[in-house]
Amino acid sequence: QVQLVESGGGLVQAGGSLRLSCAASGRLFSVDGMGWYRQAPGKQRELVAMITSCGGTNYGDSVKGRFTIFRDNARNTVYLQMNNLNPEATAVYYCKADRIYSARGPLYDYWGPGTQVTVSP
């Protein structure tokens with residue numbers, strides 16, 4: 001079974017940094033676009049950043065210049081480096097894969113269970 005395994009969330013003070021990781025595991029060959037969305041309490045899920053298998057990136061307006069997304073295709077892993085965090089970044093961060101080429105065929109719009117990021121004032 002294919003899974004997206006997230007790690008790196010936690011509690012950090014405003015101005016601090018965190019790095020999230022998401023690895024696609026299981027019987028799979030490769031992954032197309034991967035990245036992160038987040039959902040704060042009472043708000044809709046929103047784009048944080050996505051990256052294609054060729055390295056093309058797309059960022060949400062609120063994180064441009066502070067967050068960096070990158071990936072390791074050999075490990076089917078995507079990372080999100082988050083710098084200069086503010087309390088507005090507090091949310092559950094979800095890893096997403098646009099398409100996973102698995103042993104059972106392609107899987108579309110695949111989500112991880114989420115990891116909590118909390119930024120204290």
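Analyst: Happy to. This is a predicted model. Start with burial: Cys22 is buried, and Cys95 is buried too.

User: What makes Cys22 and Cys95 a disulfide?

Analyst: Their sulfur atoms are 2.0 Å apart. The cut-off is within 2.5 Å. The pair therefore counts as a disulfide. By this rule the count is one disulfide.

User: Why is the disulfide of Cys22 and Cys95 called left-handed?

Analyst: Look at the torsion about the S-S bond. For Cys22 and Cys95 it is about -85°, so the disulfide is left-handed.

User: Which parts does the pair tie together?

Analyst: Cys22 sits in strand 3 (residues 18-25), and Cys95 in strand 10 (residues 91-102). The pair therefore links parts that are 73 residues apart in sequence.

User: How do you know whether Cys54 is buried or exposed?

Analyst: Its relative accessible area is 77%. Exposed means over 50%. So Cys54 is exposed.

User: What makes strand 8 and strand 9 a pair?

Analyst: Pairing takes at least two bridges. Six bridges join strand 8 (residues 67-72) to strand 9 (residues 77-82), so they pair. The two strands run antiparallel. Across from Thr68 stands Gln81 in strand 9.

User: What lies between the strands of that hairpin?

Analyst: Four residues lie between strand 8 and strand 9. In this hairpin, Asn76 takes a positive phi near 50°.

Note on methods
Residues are numbered from 1 along each chain as its sequence is written. This is a predicted model: local features need pLDDT of at least 70, side-chain atom pairs count only at pLDDT 80 or more; totals for chains, interfaces and linings use all residues. Side-chain values use heavy atoms; hydrogens and water are left out. Buried means under 20% relative accessible area, exposed over 50%, partly exposed in between (1.4 Å probe, protein chains only).
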